[in-house]
Structures are given as structure tokens and as C-alpha cells.
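Please examine the structure shown here together with its sequence. The paragraphs that follow lead through it step by step.

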Amino acid sequence: MEKEVVIKVENVSKNFLLPHERAGSVKGVFTSMFSKATKKNETQHALKDISFEVKKGEFFGIVGRNGSGKSTLLKILAQIYQPTKGKIHISGKLVPFIELGVGFNPELTGRDNVYLNGAVLGFSKKQIEEIYDEIVDFAELRRFMDQKLKNYSSGMQVRLAFSLAIRAKADILLFDEVLAVGDADFMRKCFNHFRELKKQQKTVVFVSHDMNSIREYCDRALLIDNSRMVTMDTANEVAKEYSRMFFDSDTSTGNLKKEKRWGNKKISYTNLSINTKILSDQKYLEVTCIAKANEDLEEVIFGFLVKNASGLNLLGINSKIKRQSIKNLKKGDKTKIQWNIPNIFADGTYILDPSIVLYNGEVCDWWEDALTFDVRKEDHAAYIVAPDIGLEITGHYVK
Amino acid sequence: MHKLRQRYRYSVILLREIVRTDFKIRYQNSFLGYVWSLLRPLLLFVILYFVFTKFLKVGTGVPHYPVYLLLGLLYWNFFVEVTMGSVTAIVGKGDLIRKINFPKYIIILAVLTGALINLSLTAVVVVIFMIAGHVSVSWQALLLIPLLLELILIALTAAFFLSAAFVRYRDISYVWEVIIQATFYATPILYAMTRIPHVYAKILILNPFAQVIQDSRYVLITHSTETISTIYNGDRWIWAIPIGLTIILVALTTTYFRRRSHAFAEEV
């Protein structure tokens, strides 16, 4: 059975007018009226010709880089901004969670803030009274309810706001990724709530650049870049496209980023290569480096570091740790170093920084973001690493 | 009726909670708290009363001058509270506006509600003064209801315009401070209309605010006060000018507010 369309976005464009000299005062109006030269408005195209539909019960993801326009789109869906062109149609009650605790006032007590934020979410005083105990217990803040909100820690505020937010009665929910900034415990609660919403067949629009959560929760997703739609497909396909986007833009400029390379160049890399730019189910990633000594050197150490797209250092190693010593290099000597890195990587984009240091710790060549590679495996796992794990079950099993 | 309630349910809930919050915030950390909103206009009244009955004697010849002055002051106070409160109201709620979509007029209605609560409380004092001053009240006092409605509309029309314009032009707050000073003297709050030259009286009374004050005094306190009709030699149709002006202004400013309100989230 064809499900009902609850969000319909038709050719939506949004422009922001950015006056260089804003007429923010009456004087400004007069002065800009008489001087033609200074009156220049720059139009910023935040969104261009976006169209999509979301059906009832669907989890729909919106992904894109920072500044791609995804937050503007979310604000248009929430009807906070009006589209410059195009139309949106929404059926059912929509509650946006662009920020938790909208309307929270630091000068009021926790209790007063529950009523205020509740009103913003559409709860009457009576309705809040009925669920007040539930909210306070869930947030584990009973002792603090008569204290002013300004005395709460940020974690406490988020807890209170969240336990209220999950009780909002809505047909459509909009979530901004900023929600996922809490600690691990809070994030787990958030994601449990997502699962709960999914069970209840709620329609959810979810903005993020965390591909793992997009893959895990969303049925379909939309990729925006430079204010335009790039693709709209299943979450998995869109997540792949998103990583590819980073990959492409990195290789095109990657080797030119000279400022990210430093060291005294007593010995430096002359050539770097990897066996594949896209790693799927190969067992190893082979990295070959060629270094040339520019003077006589006693002992050098070659190493590298692998970071993921969010900058987390995943692994690092050097020749010293591997108990291999490279000694007595003469000026002009070339050395070839080949690393075989087991493919334990989960899907995503990775960056490799090779380095050369002397035994006394002097840095000769440290090359940040020198190489990038992409991992796209058959089986997707939503964890940091995805090594090939063996499984053998003996005893009672069904073949 | 049920449908209407459904439609405005959210607005009513939000309005109630915003009014409550604004009150709590305004009077927290003050010893007398809410009493101040009563005390402030009364103290002002005492000062003006002494100045204008003992020193300047503006009130001589006006029957029940204390009540006459008090009523004018309360109307004035209400008007100032609504308009001055509204100027920065939209910008002040910018945080909320940027995060969720709700009918923006609620912000202005919240300011109005706050001022109305104050007005009704201070009205109790007027009643006390009327009893003490042996003012006899006739059925005509019922006409206060439409007059108060007009007063509310006058305050609202200014509030809608000022708050929406302030989002774009931040000079409005200073301009309005000056205008409100001028309005205070251009409106017969302290003085009787008979005390100013007839030519000016004819112009000043066309101001809806002046007309409302004079009419209210007429129906409630004394028939010897001038109204727009007596100034224009008993012409009853002359009422159409201030009332029509009010209606036109309300239509214009609410339209302006509604049009501009779509862009509030981007501009506050």
C-alpha cells in the first residue's frame, strides 16, 4: 500500500540578503539613499531548487558538509524561515528539535522551566502537571527542581530538556545533529529514543554528518552540497556518496598542501603511493614510501599515523617499534619503505601522515594529510574498526 | 467553538506561560515584588497631584480633580507600558523565534496582558478614590467597556508597528521615547481641555487617545468635562474621525506586522 506523503518540498530556494553596509538604523536608510556607491547587497544562495517527499513513518536523513545548507533546509521545514521560492507542504503536527530546551530561562527554577518549555512544545499546564513526576524522575533531578536553572550544569539542563522533549506529541519530528553533543550516556538515551520512535512509526527528519547514525536509522537520505541536491537514495548509498565527496576533494588538493608538511628536510620523502585508493575487501593496504637523504645521517626512524575523517588518531607505528634500524645513510641515498596495514578499517575516509625522525627526536619530514584512502566494505558495521573477525561455533547449531 | 479552541489552543497555552514567565522575571529579587506595579503609578500620582493642585493649580474648576487626574494617569501608564514594552519585545524573544515557529503576535499579546493586569489592579484604587470623593456613578459607566476596547486597540496598533519596525531599525526605541514625551503633553492628562486655546483643543481632541480619556472621564466622573462632541459644538459625527482613525491604523499596522513577521527569524 502506498503510504501517505507527509512532507512535500517543491523546488525550494532560499536566498539571504547580505547587505555589506546594513541599514540597521534610520540614519543608515537616509545615508544609503543618497550615496549610490555604498549600496551593495550580496545575495547568498543558501538553497537552490530542492525538492523531495517524505512519507509517513519514514526516517529521512539530510546530510552535507558544514555550510552546505542543511540547517537552512531544516529551518524551512520547521517553518522558521520562509522559502524565497518554491513551496513546502506539511501535514500533521511537527515539532522541531533544533535545540533542546527552547525557551529555557536561566533566571527561573527548574520547575518553572519545565512549564515554560512544555508550553513551547504545546503542553498545557494541566498536561504538564500530569507528567511532571515522570519528567523529573527520568532526568534524575528531583532535588534540584526548585533551584534556578543558571545553577544547573549544562549536562543537567540537557537532561531536563530531553526528558521533556521525548514526551512531545508530534507526528513529525525534526532533529538536528547538535542533539548528539551530550556524553555517551546521553547519546545512548537519544538513540534509544530514536529506536522507540521508529517502532511507533513516527516520521523523522534527521540532519547529521555522522554517516554511521544515518546508515543505522534512516531509510532514505538526501545529500546536499553547495546549496544543491546531489543525490537522494537509500541511506547506504547516500552515505557512500558523502564519503566519496570528501575523497575527491581531498585528492584534488591533497598533495598541494605544502604548509602541512614540516621538518628540517635532512631526509625527506620523494614519493608516496598506495596500492588502492578505495579499499573494499582486500586484506592489506600497501603503502610505499621513498625517502632521500640530503646529508649523512646516523640513524633514522620511519613512521606513520592513520586518522579518520573526524581527526581521530586510529593507529600509528614506526620502524623503531618494529625493531628495524636504518643506519649510516649517506647523502643521496634512497630508501624504500613499504608498510602493509591490515584492513581493519570501517567504512569511511582515512588520512595517512608519514613521518621521518632522527634517533635524537629531530623531525626531518612530517607530512600531514599526505595520503587519503576510502574504505567501502560489503558488510557495513557502525563501529570505529571493522577487522575480519573469525567465528566458529561448535555444539548445538542449525545449519 | 470547539474548532476555534483547537485552532488557538497552542497560542493560548504559550501566551499564558509567557505572561507568567515575564512577571516572575520582572519582580524576582525585589523585596516588594508585585506591589511595585501598583505602587509606582500611585506614587507618581501623589507627586503630580501635589504639583498640580497645590502649586500650579491646574485642576481648579475641574470637579473631582484627583480622580480625574488618576484616571488619566492610569490610561497613560497603560499606554506607555504596552508600547515601551513592545518596542524591544520581538528582539528580546529572538532566541525563541530562531528555534521554533509560533504566532509572533503572541509576544505582543503577552505584553498587553501584563499591562491589562496592572491596569485592572490600579483600577481598584480609582474605585476607592471615587467612593471617598463621593462620585456618583450612572449607567453610563457601562460605556467604559467600548472605550477601554478602543484604548486597547490604540495601544496595540502602536505596539504592532513599533515592535516590527524595531527589528529592522533599532533607532525606533529612541525615537519613541521622544514621541511619548510629546504625547504626554499633547494629551489632556494633567490639564482640562478648557485651559487650552480652542483652536488647539480642536486639533488635539482628534487624537484617539485624547478622545478616549475625555470620554471616559465624562461617563465615569463628571459631565462637566469636555468631550470631542462638546468641543465641536455638539456634533456627534465627529466621533467618526478618532474611531475611524483607530480602525484604519489597526488594519495597517497588523498587516505590516504580519508581513514582516515572516522575516523575524532571519533578522532578530
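What percentage of the 399 residues of chain A count as buried? The answer is 32%, where a residue is buried if 20 or more other C-beta atoms, placed from the backbone, lie within 10 Å of its own, exposed if 12 or fewer, and partly exposed in between. The model is a predicted one, in which local features need pLDDT of at least 70 and side-chain atom pairs count only at pLDDT 80 or more, while totals for chains, interfaces and linings use all residues. Residues are numbered from 1 along each chain as its sequence is written, and chains are lettered from A and ligands numbered from 1 in the order in which they are written.

Chain A contains 8 helices and 20 strands; these are DSSP runs numbered from the N terminus, with helices (H or I) of at least four residues and strands (E) of at least two. Among the contacts in chain A with a separation of 6 or more, 73% are accounted for by residues 24 or more positions apart. Two residues are in contact if their C-beta atoms, placed from the backbone, lie within 7 Å.

One strand to locate in chain A is β7, residues 203-208, which is mostly covered, with 6 of its 6 residues buried. Both of its faces are covered: Thr203(A), Val205(A) and Val207(A) are buried on one side, and Val204(A), Phe206(A) and Ser208(A) on the other. Strand β3 of chain A (residues 59-64) runs parallel to β7(A) and is joined to it by 5 bridges; there, Val63(A) has Ser208(A) as its bridge partner. Strand β6 of chain A (residues 172-175) is also parallel to β7(A), with 4 bridges between them, and Ile172(A) is the bridge partner of Thr203(A). Two strands pair if DSSP finds at least two bridges between them.

Elsewhere in chain A, 3 strands form an open sheet with antiparallel pairing, in the order β11-β13-β17. Its edge strands are β11 (267-274) and β17 (334-342), each of which pairs on one side only. From one strand to the next, the twist averages 20°. Strand β13(A), residues 284-293, is joined to the antiparallel β17(A) by 9 bridges, and Cys289(A) stands opposite Ile337(A) of β17(A).

The next topic is the contact of the two chains. Chain A gives 24 residues to it and chain B gives 19. On the side of chain B that touches chain A, the elements giving two or more residues are α1 (2-27) and α13 (264-267) of chain B. The largest share of that side, 7 residues, comes from α1(B).

Helix α3 of chain A (residues 110-120) packs with α1(B) at an angle of about 150°, their axes 8 Å apart. Axes are lines fitted to C-alpha atoms, for helices over the stretch in contact, and angles run from 0 to 180 degrees between N-to-C directions. α3(A) is therefore roughly antiparallel to α1(B), since angles under 35 degrees count as roughly parallel, over 145 as roughly antiparallel, 65 to 115 as roughly perpendicular and the rest as oblique. In this contact, Asp112(A), Tyr115(A), Leu116(A), Ala119(A) and Val120(A) of α3(A) meet Ile13(B), Leu14(B), Glu17(B), Thr21(B) and Lys24(B) of α1(B).

Within chain B, helices α7 (residues 144-168) and α8 (residues 172-186) pack at an angle of about 145°, with their axes 9 Å apart. Leu162(B), Ala165(B) and Phe166(B) of α7(B) make the contact with Ile172(B), Ser173(B) and Trp176(B) of α8(B).
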